[in-house]
Amino acid sequence: MSLRLSTVILPYRRWSEGGREAWQRAEQLGFHAAYTYDHLSWRSFRDGPWFGAVPTLTAAAAVTDQLRLGTLVTSPNFRHPVTLAKELISLDDISGGRITLGIGAGGTGFDATALGQDPWTPRERADRFTEFVGLLDRLLTEDSVSYRGEFYSAHEARNIPGCVQRPRLPFAVAATGPRGLRLAARYGQAWVTTGDPKLYESGTSEQSVQAIRGQIEKLGDACAEAGREPGSLDKVLLTGFTPDRARPLESLDAFVDFAGRHQELGFTEIVVHWPIPDSDFAADVKVFEQIAMEAGAQLR
């Protein structure tokens, strides 16, 4: 199976000052999908411009025709399943069925306290994530949902006519722990990883590949437990967070080598960040575009 190449376009530019052009260019370059982060702010971008994921994706849907669109990733940190479901159904309709929901448990960054709450413990994040995904699955597949859980509730929540994509738009579940992997196996059409964060600072490429191989083996175990064939789940690597960092974007050959090693692990999609000057995602635009246009042919 050929490897799909996608990109992440961070929502830091005004739509009229380069935002629109980036999404249109992603389609022109032949990317399979273009995603954006779903945060209220993020790391070094906190004190600069940062726009909302859902309006950005709505605008992107209006200026593209074939490009798949989505989040990498949405989390429960500031979302509620009932309101999110309504926005996703609307997005799927506007885009003509081109939306993928990347979804994860969230972390301890700025989103975790922006609504005035204390940061959740790892266990509470996992508990909320489990309930969040299960309820969201129902909201996107049933016309009317009533539910009362420990963290989330819905009362006769209507979601007519539902998603364009049936039975609902795909979930790409970001997870490395056992509970998250079980959610991916049960609800996901894809699984997402960024690698092992413990290796980012001082690990090697070889250690990273080995760690990711271990994650895939655990995903296989979760699929077996769920009675599912592991090959039925797409596997997505969001790059930029392994010890390789930006090196795969230094040349076409470097990227093909990096992507090929991960394709051998079973990945079906590699996601690269759209270049952002003076950031961790800085890259030569000409090389980036060459990779987008030529790498796929070498990875079939």
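Of the contacts in this chain that link residues at least 6 apart in sequence, 75% join residues at least 24 apart, a contact being heavy atoms within 4.5 Å. What you see is a predicted model, in which local features need pLDDT of at least 70 and side-chain atom pairs count only at pLDDT 80 or more, while totals for chains, interfaces and linings use all residues. Residues are numbered from 1 along each chain as its sequence is written, and side-chain values use heavy atoms, with hydrogens and water left out.

Let's start with the whole chain. It holds eight helices and ten strands, which are DSSP runs numbered from the N terminus (helices H or I, at least four residues; strands E, at least two). The radius of gyration is 18 Å, close to the 19 Å from the globule rule for 300 residues, so the chain is as compact as a globular protein of that length. Here the radius is taken over C-alpha atoms, and the rule is 2.2 Å times the number of residues to the power 0.38. Buried residues (under 20% relative accessible area, 1.4 Å probe, protein chains only) account for 53% of the 300 residues.

Now zoom in on one helix pair. The axes of α5 (residues 178-187) and α6 (residues 205-226), lines fitted to C-alpha atoms over the stretch in contact, come within 8 Å and cross at roughly 55°. The two helices are therefore oblique to each other. From α5, Leu181, Arg182, Ala184 and Ala185 meet a set of α6 residues including Gln215, Lys218 and Leu219.

Note on methods: Axes fitted to C-alpha atoms, helices over the stretch in contact; angles between N-to-C directions. Parallel < 35°, antiparallel > 145°, perpendicular 65-115°, else oblique. Buried < 20%, exposed > 50% of the residue type's maximum accessible area, 1.4 Å probe, protein only.
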